[in-house]
Amino acid sequence: MSQKKVTISDLYQKKAEGRKVTMLTGYDYPTALVLDQAGVDSVLVGDSLGMVCLGYESTVPVTMDEMIHHVKAVRRGLKRALLIADMPFLSYQISPEQAVLNAGRFMKEGGAEMVKLEGGAEMAPTVEAITRAGIPVCAHIGLTPQSVSKLGGYKVQGKDVAGAQKLIDDAKALQGAGADMIVFECIPSPLAAAITKASSMITIGIGGGADCDGQVLVYHDIMGLSGRRVPKMAKQYLDLFGQLSQAVSQYCQEVAGQSFPAEEHGFPMDPAVVAQLKF
Ligand SMILES: Nc1nc(=O)c2c([nH]1)NC[C@@H]1CN(c3ccc(C(=O)N[C@@H](CCC(=O)O)C(=O)O)cc3)CN21
Ligand SMILES: CC(C)C(=O)C(=O)O
Ligand SMILES: [Mg+2]
């Protein structure tokens with residue numbers, strides 16, 4: 001595995017050559033070590049951390065300070081993979097100025113290399129302002145979880161002509177505004193394939209089918225760590241929740257049954273020393 005840092009040009013190169021870009025979410029230092037050493041191209045500190053790490057009902061309550069705390073932890077664990085920070089709800093929607101300031105915090109305080117934000121053509125001026133400040137942007141269209149109340153639930157987007165055409169127009173506007181990358185979340189595979197073909201941006205699917213330039217999933221979903229049913233687009237590779245629960249219950253049994261700690265888990269003392277102690 002090459003130890004060279006992954007750059008955005010490397011990912012454009014992959015797109016050009018038809019080699020797939022890999023991305024996973026990562027929220028903490030040990031996970032960053034695993035992802036980096038296993039060779040993933042990019043790590044997204046997603047605002048999904050609000051749901052999977054902090055126990056919120058949605059991504060809406062997540063703050064900039066919470067995000068930065070996690071981005072810094074992931075930064076310390078990455079040597080190679082590209083670090084992308086997800087802009088949380090209301091950190092970029094108010095004005096392009098507010099967006100540049102918060103995107104800049106991710107770069108300056110968090111050590112991020114790219115920021116991601118949700119929204120279509122209406123976000124083009126914001127993407128343009130962030131890009132103009134020298135900060136690479138990943139867009140995100142389709143199912144945009146920060147708008148879950150407006151969307152009426154976590155539902156597939158772009159199924160009818162009007163919805164699909166809007167996503168095509170959104171992608172065009174975001175590309176024109178300078179986005180280098182775009183996430184397609186829960187949109188029909190043929191639509192994601194067609195936009196990918198027409199687009200110079202690096203397209204990353206999560207429920208966008210096999211023909212995107214790359215794929216992203218939530219780490220806790222693929223590892224079976226979320227403790228919930230995983231969304232349809234995720235593939236669960238491990239059942240860590242089950243394994244962790246089993247290990248915790250075994251530990252409790254062994255402490256209760258006094259088979260833990262064993263001799264080797266403690267620190268001996270010279271009996272001559274013990275003999276001299278007065279109690
Ligand atoms: N753990 C986790 N994984 C995610 O992928 C994820 C989050 N959290 N939080 C933020 C958003 C929310 N996401 C979600 C949440 C639910 C569905 C879901 O329930 N989808 C339905 C299909 C919907 C339809 O058919 O219209 C499903 O059956 O999985 C999808 C994406 C994706 N993101
Ligand atoms: C699932 C990805 C695309 C995301 O936005 C997140 O993890 O917050
Ligand atoms: Mg997100």
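Helices (H or I, at least four residues) and strands (E, at least two) are DSSP runs, numbered from the N terminus. On that basis the protein, which is a predicted model, has 12 helices and 8 strands, and glutamate 118, for instance, has its place in strand β4, residues 114–118. In this predicted model local features need pLDDT of at least 70 and side-chain atom pairs count only at pLDDT 80 or more, while totals for chains, interfaces and linings use all residues. Residues are numbered from 1 along each chain as its sequence is written, and chains are lettered from A and ligands numbered from 1 in the order in which they are written.

**Overall layout**

- The C-alpha atoms of the protein fill a box of roughly 85 × 40 × 35 Å, taken along the principal axes.
- The domain assignment, whose bounds come from an automatic or database source, gives domain 1 as 8–241 and domain 2 as 243–275, and the C-alpha centres of domain 1 and domain 2 lie 44 Å apart.
- Of the 279 residues of the protein, 43% count as buried; a residue is buried if 20 or more other C-beta atoms lie within 10 Å of its own, exposed if 12 or fewer, and partly exposed in between, with C-beta atoms placed from the backbone.
- Among the contacts with a separation of 6 or more, 58% are between residues 24 or more positions apart, where two residues are in contact if their C-beta atoms, placed from the backbone, lie within 7 Å.

**Annotated binding-site positions**

- UniProt, in an unreviewed entry, places the feature "binding site" at Asp47, Ser48, Asp86 and Lys116; they span 70 residues in sequence, yet no two of their C-alpha atoms are more than 12.5 Å apart, so they gather at one spot.
- For "binding site" the UniProt record (unreviewed entry) also lists Asp47, Asp86 and Glu118, and these cluster in space although they are spread over 72 residues of sequence, the largest C-alpha distance being 10.8 Å.
- UniProt positions are given in the numbering used here, feature names are shortened, and annotations may be inferred rather than shown by experiment.

**Surroundings of three of these residues**

- Aspartate 47 is found in the loop between β2 (42–45) and α3 (49–52), and aspartate 47 is buried, with 28 other C-beta atoms within 10 Å.
- Leaving aside neighbours within four places in sequence, aspartate 47 is in contact with Thr59, Val62, Met67, Asp86 and Pro88.
- Aspartate 86 lies in strand β3 and is likewise buried, with 28 other C-beta atoms within 10 Å.
- Not counting residues up to four places away in sequence, the residues that aspartate 86 touches are Leu44, Val45, Gly46, Asp47, Met67 and Lys116.
- Glutamate 118, in strand β4, counts as buried with 24 C-beta neighbours inside 10 Å, and, leaving aside its neighbours within four places in sequence, glutamate 118 is in contact with His140, Thr144, Gln146 and Ser147.

**Packing of α4 and α5**

- The axes of helix α4 (residues 64–77) and α5 come within 10 Å and cross at roughly 25°, where axes are lines fitted to C-alpha atoms, for helices over the stretch in contact, and angles run from 0 to 180 degrees between N-to-C directions.
- Helices α4 and α5 are therefore roughly parallel to each other, given that angles under 35 degrees count as roughly parallel, over 145 as roughly antiparallel, 65 to 115 as roughly perpendicular and the rest as oblique.
- Met64, Ile68 and Val71 in α4 meet Asn102, Arg105 and Phe106 in α5.

**Backbone details in loops**

- Leucine 90, in the loop between β3 (82–86) and α5 (96–108), has a phi near 75°, a positive value in a residue other than glycine, and leucine 90 is partly exposed, with 14 other C-beta atoms within 10 Å.
- Cysteine 186, in the loop between β6 (181–185) and α9 (189–198), has a positive phi of about 50° although it is not a glycine, and cysteine 186 is buried, with 21 other C-beta atoms within 10 Å.
- The peptide bond from phenylalanine 260 to proline 261 is cis, with omega near 0°, and proline 261 is found in the loop between α11 (240–256) and α12 (271–275).
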